[in-house]
Amino acid sequence: MHNRMPRIPQQPVPNRAELDARLTVELAAVVTGARRRALRDGDRQIDTAHLLHSLIESDPAVRAAFEGGPQLARVLGYLVQRSIGYGLRWQGSVEDSGAVPVVPDPHSAVRDAEGWSPSAASAMAGALDRAQKRGDVRAGGLDLLAALAVDHECRAMEVLVRGGIDADRLAARITDAAGQGAWEAGGLTDRRTGGRTGSPG
């Protein structure tokens, strides 16, 4: 059993217009896809599994962060079974991994209206925080993937573990590469060899 992510207060997710202004075009498309998927599945809120599914489908850099096509195939296999398989127990429940305390704040009504689970809101806030600390105005898909990979109690983590992914290693690869400036639009470049690591699947 994984330990819970430390309860570190983060800024709440802004409303949709504010959020879109702080995301790359690619990540904005991911959020739109996750929202559409939640509606199609009959889910009341966007959760971290919706975000992970949309990230993998939409963002080549995110796909390249995984160690090859077989990993991605396993993870996607679990994600597409959400409505008929193990994810059935998620229906009718609110995803809250406890990564950030759920306390009243001025933006809570906006967040609820936007339909984010507490864990998904925390992940998006974490992505925005990562981008801000890096000096970027907009967060990208890898920022969100890294935020998902460090919350050991969220639904996205459950999918990653079931797919055989070492989420701590995944998060470390993203962090290390970002620190070295090695991420490119098409994936992760190995600065030692000049070649790409991972596979777009």
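Author: Let us begin with the term itself: helices are DSSP runs of H or I with at least four residues, strands are runs of E with at least two, and both are numbered from the N terminus. The model is predicted, so local features need pLDDT of at least 70, side-chain atom pairs count only at pLDDT 80 or more, and totals for chains, interfaces and linings use all residues. Residues are numbered from 1 along each chain as its sequence is written, and side-chain values use heavy atoms, with hydrogens and water left out.

Reader: Which residue follows α2, and what is its phi?

Author: Glycine 42 follows α2, with a positive phi near 75 degrees. Helix α2 itself covers residues 25–41.

Reader: Which residues of α2 are buried?

Author: Buried means under 20% relative accessible area, exposed over 50%, and partly exposed in between, with a 1.4 Å probe and protein chains only. In α2 the buried residues include Leu27, Val30, Val31 and Ala34. In α8 (residues 141–149), 9 of the 9 residues are buried, so this helix is largely enclosed by the rest of the structure.

Reader: At what angle do α2 and α3 pack?

Author: Axes are lines fitted to C-alpha atoms, for helices over the stretch in contact, and angles run from 0 to 180 degrees between N-to-C directions. Here α2 and α3 (residues 48–58) pack at about 125 degrees, with axes 8 Å apart.

Reader: Which residues meet there?

Author: Contact means heavy atoms within 4.5 Å. Among those of α2 are Leu27, Gly33 and Arg37, and α3 contributes residues including His50, Leu51 and Glu57.

Technical notes: The expected span of a helix is 1.5 Å times one less than its number of residues.
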